[in-house]
Amino acid sequence: HKTELGGVILNIPDRTSLAAAVDDIRTTAAPHLPAGEVPRILVTPMVEAVGEVMIGYRHDPQVGPLVLLAPGGIAAEFSEERVVRAAPVAPDEATFMVAEVRSLSAMTGFRGGAVADFPALVRAIVDLSRIGELDGPRIVEAEINPLRLRERRVGAVAVDAVVRVVQEEGSSPTRR
């Protein structure tokens with residue numbers, strides 16, 4: 001994972017710190033990469049959030065398209081909570097998915113905490129569940145982790161994502 005390889009640095013306050021972070025990433029992560037160098041670095045703003053989830057899409061050859069919801073960020077590494085449905089899903093089904101992931105209840109204002117923008121999460125699940133219907137290269141797998149849920153009525157932000165596509169029938173998948 002890019003975090004363990006030294007490829008993620010958070011809370012960079014200014015340009016000088018950014019330049020140092022880029023140097024650190026290139027030095028630390030490069031030896032772990034096939035080409036021995038970091039081809040590009042993505043810099044994004046820090047986004048305050050109530051919590052994180054992982055949503056995914058996969059076209060399974062035996063059962064067809066599926067959509068997944070699970071705890072996100074580092075919780076995805078150790079949590080066994082997963083909810084899977086045949087895709088595409090309607091908003092009411094996505095709402096049921098959210099209710100089934102018990103750990104998300106911590107984002108409902110528990111003990112005075114903030115309430116996450118669950119309608120934004122529902123929209124994201126519905127939209128991702130329809131990704132296989134898009135024109136163009138066939139998407140066989142997509143994962144957003146983490147999807148950071150902001151406070152109610154503020155939205156959600158995808159921080160990292162991976163998409164695998166097949167250009168033509170019979171060709172091998174490509175990661176993007």
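Student: Where does P146 lie?
Tutor: P146 lies in strand β4, which covers residues 138-149. Keep in mind that this is a predicted model.

Student: And the peptide bond from N145 to P146, is that cis or trans?
Tutor: The bond from N145 to P146 is cis, and its omega is near 0°. In general, most peptide bonds are trans.

Student: Which residues does the cis bond with omega of about 0° join at P88?
Tutor: That cis peptide bond joins A87 and P88.

Student: Where is the place of P88?
Tutor: P88 sits in the loop between β3 (83-86) and α3 (91-100).

Student: Where is N11 placed?
Tutor: N11 is in the segment before α1 (15-29).

Student: Does N11 count as buried or exposed, and why?
Tutor: N11 counts as exposed because its relative accessibility is 58%, and the cut-off for exposed is over 50%.

Student: OK, now R153. What is its phi near?
Tutor: Phi of R153 is near 70°, again a positive value in a residue other than glycine.

Student: Where does R153 lie?
Tutor: R153 is in the loop between β4 and β5, with β5 covering 156-158.

Student: Buried or exposed, for R153?
Tutor: R153 has 72% relative accessibility, so R153 counts as exposed.

Terms used:
Residues numbered from 1 in each chain as written. Predicted model: local features only at pLDDT ≥ 70, side-chain atom pairs only at ≥ 80, totals over all residues. Heavy atoms only, no water. Helix = DSSP H or I, 4+ residues; strand = E, 2+ residues; numbered from the N terminus. Buried < 20%, exposed > 50% of the residue type's maximum accessible area, 1.4 Å probe, protein only.
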